[in-house]
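Please open the structure in your viewer and keep the selection tool at hand. The tour goes from one selection to the next.

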Amino acid sequence: MPSLLPLVLLALLSTALAQNTRSASRTSTSTNPTSTAPVPAAATAVNEPADGSIYFGLWVDTSVTSGDSPLNANARLGRNISWFQFSQNIPVDEYNDVTGVGGIINGTKVTETNTDAGIYVTVYPLQGLGGFTQQDMAALGVQLQSYVTAGHAVFLRFAPEMNGNWFPYATQPTMFVATWKTLYTTIKQSCPTCGMVWSPNAAIGYPYGIALDTVALAADQAALDTNGDGQLDLNDDAYSPYYPGDDYVDWNGVSYYYKGNYPNDYNVIQPPGFFEGSMTGVLPEVDEIGQTQTQYTPFYNNYCMANPCMLSESGASWKVNQTGIPSWLTVSPTQEQVEGAWWRDGITNATFLSMYPRLKMIMNFEWEKVESDGNVPTLRDFRLTNATDVLAAFVADFEAVAQRYVWANYVPPPPSGSGGGGGAQIPVPQPQVSVHRATPYRATVPTSLSLFFSSAQGWAELRPYALGLTALVAGVLAGVSLVL
Ligand SMILES: *[C@@H]1O[C@H](CO)[C@@H](O)[C@H](O)[C@H]1NC(C)=O
Ligand SMILES: *[C@@H]1O[C@H](CO)[C@@H](O)[C@H](O)[C@H]1NC(C)=O
Ligand SMILES: *[C@@H]1O[C@H](CO)[C@@H](O)[C@H](O)[C@H]1NC(C)=O
Ligand SMILES: *[C@@H]1O[C@H](CO)[C@@H](O)[C@H](O)[C@H]1NC(C)=O
Ligand SMILES: *[C@@H]1O[C@H](CO)[C@@H](O)[C@H](O)[C@H]1NC(C)=O
C-alpha cells in the first residue's frame, strides 16, 4: 500500500517522539532529590483525573446469556459511566459467535453509548506466563491503540490477582516481573497513552492457604518469603514480590470484595470500615464468628503515592440461594442492606473518599455468577444496578457524592451511513469471527524499513512486526477499515 507510506513514517516518528518524551521525563524525575520522599505525586499519571475527583466504573456482563451492556447500565444509573471493563485472553483465543465468548473485546459496546467512556481491558494469560509471545503483546498494543485513536482512553490490566493461587500464572513472581516489564515496553511502543494497571488481590486473607513448599521455583519461594522466616504467612508482604517498580506501572489496583463469612454461603452485612480495609489491609473484628482485627499488608501508603490507585474490581455479594445460616443470625438481611452497607462504607462515603484521595477509581463487578468456597456453590449477585430497590437506593445515595465522580462526556453519533460506532469516525476492532483470519500482526509486513526503533535487546526479533503494526495503526488513523 504505497499511498500509506507517509502515514507510516508519521506514525513511526510520533511513536519515537512519545518514547523519548517519556524517558526524558523519567530521567528528570529520578534526579530530583525530593522524588524519593513518600509523598503523593501530582495528578499527572496516564488517565489520571484531577485531584479531588474519582472515576466510577462498571464491569458489566456482556455475555450472550446476560445480554447486559454499557448502554443499558448508563440508562439504569441515569448517568454516563466513565469506564467499562472487559476481558480477553493472551494469546487471543477463538471467538465463539454463538456464546460470544473468546476473541478480542467488543469495543462497539462502548462506542454505542455515544460517550467518550474509557475502555478497560483485563488480559488473562490463561496458558501461563510462558504461553504467549512478544508478537502477541505487540498485537495487543495495536488493538488498544485503535481504541485511543477512536477517542477512548484505555487501561490495560494484565494478569490480575497474580498473588493468589487460582490462576495458572499464580505464585511466579520472578517470571511475572520479567514478563510485565517486557509487556510494558512493548505496549508503550504502539500505545503510549495506554494506562498499565498492576493489580494483585487485596492482602486481606493472604496467603490464601498457599504453602511455601507448593511454590515450584526456589527463587520464587525466596521472593515470597519476604521476612525470611522460612514460611509464607500474613507477615510476609502480599504485594512487593510481584511489583515491577513505579517506572513500569501507570496505576496500581487491587481486587476487593465483601463475600461474607467462610464459606461465604449466607447473607450477612459487612462490618463498618470493611471497605477501608482495601487501603489499610486491616480486617475488622467480627465478634459473632470470633474474627479478630488483623493487620495484613497495607496498600494505600505503598502503592497509591507514586502512582494513583484503584479498586480494579470490587463488590459485595448477595447470595441468591443462601444456605448455612448460623443460629446467631436471627434475621437475614435484605439485598439492599447487604449492597447498601458496601456502597455506604465506600463508594458514596464522603469521609472515606476524603481520607484516601489517591484512590481514583472504583470499579464494580456488575455480575451475577456462581462461586464456590468450601465446596458450597452459591449464586452470588454483585450488581448494584439490577434489582429495582437496590438500584433506587444506590442512585439516591450517589446524588450526595456525584460531583466528586468523573462522568463520561457525550459524543455526537457519526452521520448516518458512515459506518462506525457512535462518536467514532474510526472503526473499532470487533471480536474476531476467526482469530486466524483477523489477528492484526498477521498483516504482511515490510522487513527492510528499520528506521526509528532502537536495537535494544529483545527488540531485534520484534522490529519487523512493530513496523507492520505501526503501519496498521496508521491505516486505522487514515480511516482504512481493519479487515485483513
Ligand atoms: C458488538 O457489539 C455491538 C453493539 O452491542 C453488537 O451489535 C455486535 O453484534 C457485537 N459484535 C459481536 C461480534 O458480538
Ligand atoms: C449521556 O450520554 C447520552 C448520549 O449517549 C446523552 O444523550 C445524555 O444526555 C447523557 N446523560 C447525562 C446524564 O449526561
Ligand atoms: C465511612 O468510612 C469511614 C472510614 O472507613 C468509616 O469509619 C465509616 O464507618 C464509614 N461510614 C459508613 C456509613 O459506612
Ligand atoms: C445455587 O444456585 C446455583 C445456580 O443455579 C447452583 O449452581 C448452586 O448449586 C446452588 N447452590 C445451592 C447451595 O443451592
Ligand atoms: C436483572 O438481571 C436479570 C438477569 O439476571 C435480567 O433478566 C433482568 O432484566 C435484570 N433487571 C434489570 C432491571 O436490569
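The stops below cover a helix pair, a ligand site and some backbone features of this predicted model.

**Stop 1: two helices.** Select residues 134-149, which form helix 4, and residues 173-190, which form helix 5. Their axes are 8 Å apart and the packing angle is about 40 degrees. Angles from 35 to 65 degrees fall between roughly parallel and roughly perpendicular, so helix 4 and helix 5 are oblique to each other. Their crossing is right-handed. To see the contact, show Met137, Gly141 and Leu144 among the residues of helix 4, and Leu183, Thr186 and Ile187 among those of helix 5. This contact of helix 4 with helix 5 has 7 nonpolar, 7 polar and no charged residues.

**Stop 2: ligand 3.** Select ligand 3 and the residues around it, including Pro272, Glu276, Arg344 and Phe352. Helix 9 (335-345) and helix 10 (350-355) each give two or more residues to this shell. Which helix gives the most? Helix 10 does, with 3 residues. The shell has 3 nonpolar, 3 polar and 3 charged residues.

**Stop 3: cis peptide bonds.** Select Ile90 and Pro91, which are joined by a cis peptide bond with omega about 0 degrees. Pro91 lies in the loop between strand 2 and helix 3. Then select Tyr262 and Pro263, also joined by a cis peptide bond. Pro263 is in the loop between strand 6 and helix 7.

**Stop 4: positive phi.** Select Glu161, in the loop between strand 4 and helix 5. Glu161 is not a glycine, yet its phi is positive, about 55 degrees. Is Glu161 buried or exposed? Glu161 counts as buried because it has 21 C-beta neighbours inside 10 Å, and the cut-off is 20 or more.

Technical notes:
Residues are numbered from 1 along each chain as its sequence is written. Chains are lettered from A and ligands numbered from 1 in the order in which they are written. This is a predicted model: local features need pLDDT of at least 70, side-chain atom pairs count only at pLDDT 80 or more; totals for chains, interfaces and linings use all residues. Axes are lines fitted to C-alpha atoms, for helices over the stretch in contact, and angles run from 0 to 180 degrees between N-to-C directions. Helices (H or I, at least four residues) and strands (E, at least two) are DSSP runs, numbered from the N terminus. Angles under 35 degrees count as roughly parallel, over 145 as roughly antiparallel, 65 to 115 as roughly perpendicular and the rest as oblique. A crossing is left-handed if the near helix is turned anticlockwise from the far one by less than a right angle, and right-handed if clockwise. Two residues are in contact if their C-beta atoms, placed from the backbone, lie within 7 Å. Ala, Val, Leu, Ile, Met, Phe, Trp, Tyr, Cys and Pro count as nonpolar, Asp, Glu, Lys and Arg as charged, and the others, Gly among them, as polar. A residue is near a molecule or strand if its C-beta atom, placed from the backbone, lies within 6 Å of it. A residue is buried if 20 or more other C-beta atoms lie within 10 Å of its own, exposed if 12 or fewer, and partly exposed in between; C-beta atoms are placed from the backbone.
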